[in-house]
Each structure stands twice: as C-alpha cells, then as structure tokens.
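Please look over the structure below before reading the points that follow.

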Amino acid sequence: MNTEGLVLVRVDYDSADVPDSVKQTHPVVYRDGGEYCCVLGPDPERGIFGQGKTLKDTLSKFDREFQERLEHPIKGDPVSEFIQQRHI
C-alpha cells in the first residue's frame, strides 16, 4: 500500500495487547481524520482492513478480518496467500 501522505501510527509489536496477526504481518496503521485504520494489502478494499476510534479496537477488527481470510482464503488472492505463508 502506498503510504505517501498518510499519518502513520507506530505500533509496539511487543505489547501483549497487539494481536498475533498484527505481530506476524506488520500491516500499515494510520490515522484518517478521527479514526485509526489498519490495512494489509494494496488498499482497504482488496486487503485486510480494520477501522475504529481507538487503536485497540482497530487492531481487533483487523484481527477478525485476518482470521476470516485465513479460514476462508480466496484462491489467487495475493493477500490470502501471504497470510497463509505467515501464519504460525
């Protein structure tokens, strides 16, 4: 994902509050107005995406989408293939 012009948010990957899916894949986390956004992939529409008012809520939503894509991968989808390879 192109991060030019985004207000990026630093994530502490060692924190116990950060889901394993985020620790394993290091998605882009940024602010959009008053909300946090988290995306893995080329854009929010084709990638795995979470959005919320707090960082914790956003990462939790991202994790739910991650688990859904992990359980139901899309054939030929680069994001699905990437997370299948990274999943421990």
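**Notes on the cysteines and helix H2**

1. Searching the whole structure turns up 0 disulfides, a disulfide being a pair of cysteine sulfur atoms within 2.5 Å. Cys 37 takes part in none, and the nearest cysteine sulfur, that of Cys 38, lies 8.9 Å away. That distance is too far for a bond.

2. This is a predicted model, in which local features need pLDDT of at least 70, side-chain atom pairs count only at pLDDT 80 or more, and totals for chains, interfaces and linings use all residues. Residues are numbered from 1 along each chain as its sequence is written, and side-chain values use heavy atoms, with hydrogens and water left out.

3. Cys 37 is buried, at 1% relative accessible area, and Cys 38 is buried too, at 0%. Buried means under 20% relative accessible area, exposed over 50%, and partly exposed in between (1.4 Å probe, protein chains only).

4. Helix H2 covers residues 55-71; helices (H or I, at least four residues) and strands (E, at least two) are DSSP runs numbered from the N terminus. Its 17 residues should span 24 Å at 1.5 Å a residue, where the expected span is 1.5 Å times one less than the number of residues. The end C-alpha atoms are 24 Å apart, which agrees.

5. The buried residues of H2 are Thr 58, Leu 59, Phe 62, Phe 66, Arg 69 and Leu 70. They lie on the same side of H2, because their arc around the axis is only 110°, taken from the directions from the helix axis to the C-beta atoms. Lys 56 and Glu 71 are exposed, on the face turned away from the buried side.

6. What covers the buried residues of H2 includes helix H1 (20-25), strand E3 (35-40) and helix H3 (78-86), with contact meaning heavy atoms within 4.5 Å.
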